[in-house]
Amino acid sequence: MELILVRHAEPATSASEGPDSTDPPLGERGREQALRVADWLTRAPLDRLVSSPSRRARETAEPTAATTGLAVEIDERLRDAEAAGAAYEPIEVARARDPDAYRARVEEYRSSPRLASIADRVNVALDEWAARHRGGRVAVFCHGSVINAFAARVL
């Protein structure tokens, strides 16, 4: 079983207000990244495409779906750790804008009891996808928090 975890491509950073503020679309660079990921992923056959419900993850999966003809299956359990938060800000932007505040945010997150519940839902979801597709190749389009939670357990 090959479970390929793909962090969503770069979202647009200009949507600080309005309906796109918590779930922005991909920006120009992100659309290019999604095309490159599709090119790389489709060099070998895929059996399933799975995505977080977030727009940025779904849009990252779309070029791969178009190339393979596979439907993108949405799994709510793969949503971002901060899905219900305020306006979305990529971690790279937050870190560059205020490194001290970013470090404090990471430390708070690591010590939060929420982390265990996030890890539980993510690990159950990814374990189920892996079990359903033994011997298969599944690409999962999700978030850094999802990848971190699963990788922490695997490692």
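Ser-145 touches Asp-80, Ala-81 and Tyr-109, leaving out residues up to four places away in sequence; touching, or contact, means heavy atoms within 4.5 Å. The model is predicted, with local features needing pLDDT of at least 70 and side-chain atom pairs pLDDT 80 or more, while totals for chains, interfaces and linings use all residues. Residues are numbered from 1 along each chain as its sequence is written, and side-chain values use heavy atoms, with hydrogens and water left out.

**Exercise 1. Find the element that holds Ser-145, and decide whether Ser-145 is buried or exposed.**

Step 1. Ser-145 is found in helix H6. Helices (H or I, at least four residues) and strands (E, at least two) are DSSP runs, numbered from the N terminus.

Step 2. Ser-145 has a relative accessible area of 13% and is buried; buried means under 20%, exposed over 50%, and partly exposed in between (1.4 Å probe, protein chains only).

**Exercise 2. Place His-143 in the chain and list what surrounds it.**

Step 1. Look in the loop between E4 and H6 for His-143.

Step 2. Its relative accessible area is 1%, so His-143 is buried.

Step 3. Beyond its neighbours within four places in sequence, the contacts of His-143 include Arg-7, His-8, Ser-52, Ser-54 and Asp-80.

Step 4. Arg-7 lies 136 residues from His-143 in sequence, yet their C-alpha atoms are 4.9 Å apart.

**Exercise 3. Work out which strands pair with E4 and which way its side chains point.**

Step 1. E1 and E4 are parallel and share 6 bridges, with Leu-3 opposite Val-138. Two strands pair if DSSP finds at least two bridges between them.

Step 2. E2 also runs parallel to E4, joined by 4 bridges. Here Leu-49 faces Ala-139 and Val-50 stands opposite Val-140.

Step 3. From E4, Arg-137, Ala-139 and Phe-141 point one way and Val-138, Val-140 and Cys-142 the other, and all are buried.

**Exercise 4. Trace Val-140 into the largest nonpolar core.**

Step 1. Such a core is a set of buried Ala, Val, Leu, Ile, Met, Phe, Trp, Tyr and Cys residues joined through side-chain atoms within 4.5 Å.

Step 2. The largest one has 15 residues, and Val-140 is among those that touch the most other members, together with Val-50, Leu-78, Val-122, Leu-126 and Val-146. Two or more residues come from each of helix H5 (114-132), strand E4 (137-142) and helix H6 (144-154). H5 gives the most, with 6 residues.

Step 3. Val-140 is in contact with Leu-3, Ile-4, Leu-5, Val-6, Val-50, Leu-78 and Leu-126, its neighbours within four places in sequence aside.

**Exercise 5. Describe helix H2 and the crossover it belongs to.**

Step 1. H2 (residues 55-68) has 14 residues and reaches 20 Å from first C-alpha to last, close to the 20 Å expected; the expected span is 1.5 Å times one less than the number of residues.

Step 2. At Glu-62, H2 bends by about 30 degrees, and Pro-63 follows within four residues. The bend is the angle between axes fitted to the seven residues ending there and the seven starting there.

Step 3. E2 and E3 pair in the parallel sense over 3 bridges. The chain crosses from E2 through H2 to E3 in a right-handed β-α-β crossover: with the strands pointing away from the viewer, the path from the first strand over the helix to the second runs clockwise.
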